[in-house]
Amino acid sequence: MNSQTDPFVQTNPPAGLQQELAISARSAQNHARPPRALVANDQEIRIWSHETILAPNGFSVTRATSAAQVMEQVRTMSPDVLILHATIRDSSGIELCRQL
């Protein structure tokens, strides 16, 4: 499966989202570090699609493919943004949100 065959993968974000990301990245330039995003999904292609939007807009992107990885990354990196799929290996995304 690739970005052309997966209907959930979007390589060009909607204009409003693109504008919001640009504003967030510009405001982060006033800080010592870029904004940190944690993208959690058990499908690599979907993580990649988020990275292709976030990274060019100044975000440092970390990947997680399981609930255990999400919990560890949240503890160690304190992400500014968490993009979590509703279903992820080891847990449901909804249950994981409750735990966080």
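The model is predicted: local features need pLDDT of at least 70 and side-chain atom pairs count only at pLDDT 80 or more, while totals for chains, interfaces and linings use all residues. Residues are numbered from 1 along each chain as its sequence is written, and side-chain values use heavy atoms, with hydrogens and water left out.

**Arg 46**

- Arg 46 belongs to helix 2 (residues 44-54); helices (H or I, at least four residues) and strands (E, at least two) are DSSP runs, numbered from the N terminus.
- Arg 46 is buried, at a relative accessible area of 13%, where buried means under 20% relative accessible area, exposed over 50% and partly exposed in between (1.4 Å probe, protein chains only).

- Helix 3 (residues 67-77) has Ala 67, Val 70, Met 71 and Met 77 as buried residues.
- These residues lie on the same side of helix 3, because they cover an arc of only 165° around the axis; the arc is that of the directions from the helix axis to the C-beta atoms.
- Arg 75 and Thr 76 are exposed, on the face of helix 3 turned away from its buried side.
- The cover over the buried residues of helix 3 includes strand 1 (36-40), strand 2 (60-64), strand 3 (81-84) and helix 4 (93-99).

**Met 77**

- Met 77, in helix 3, is buried with a relative accessible area of 11%.
- Not counting residues up to four places away in sequence, Met 77 touches Arg 36, Ala 37, Leu 38 and Thr 62, where contact means heavy atoms within 4.5 Å.
- Met 77 and Ala 37 are 40 residues apart along the chain, and their C-alpha atoms are separated by 9.4 Å.

**Nonpolar cores**

- The largest nonpolar core has nine residues, among them Leu 38, Ala 64, Val 70, Met 77 and Leu 96; such a core is a set of buried Ala, Val, Leu, Ile, Met, Phe, Trp, Tyr and Cys residues joined through side-chain atoms within 4.5 Å.
- Strand 1 and helix 3 are the elements that give two or more residues to this core, and helix 3 gives the most, with four.
- Apart from this core lies another, of five residues, including Ala 37, Val 39, Ile 47 and Phe 59.
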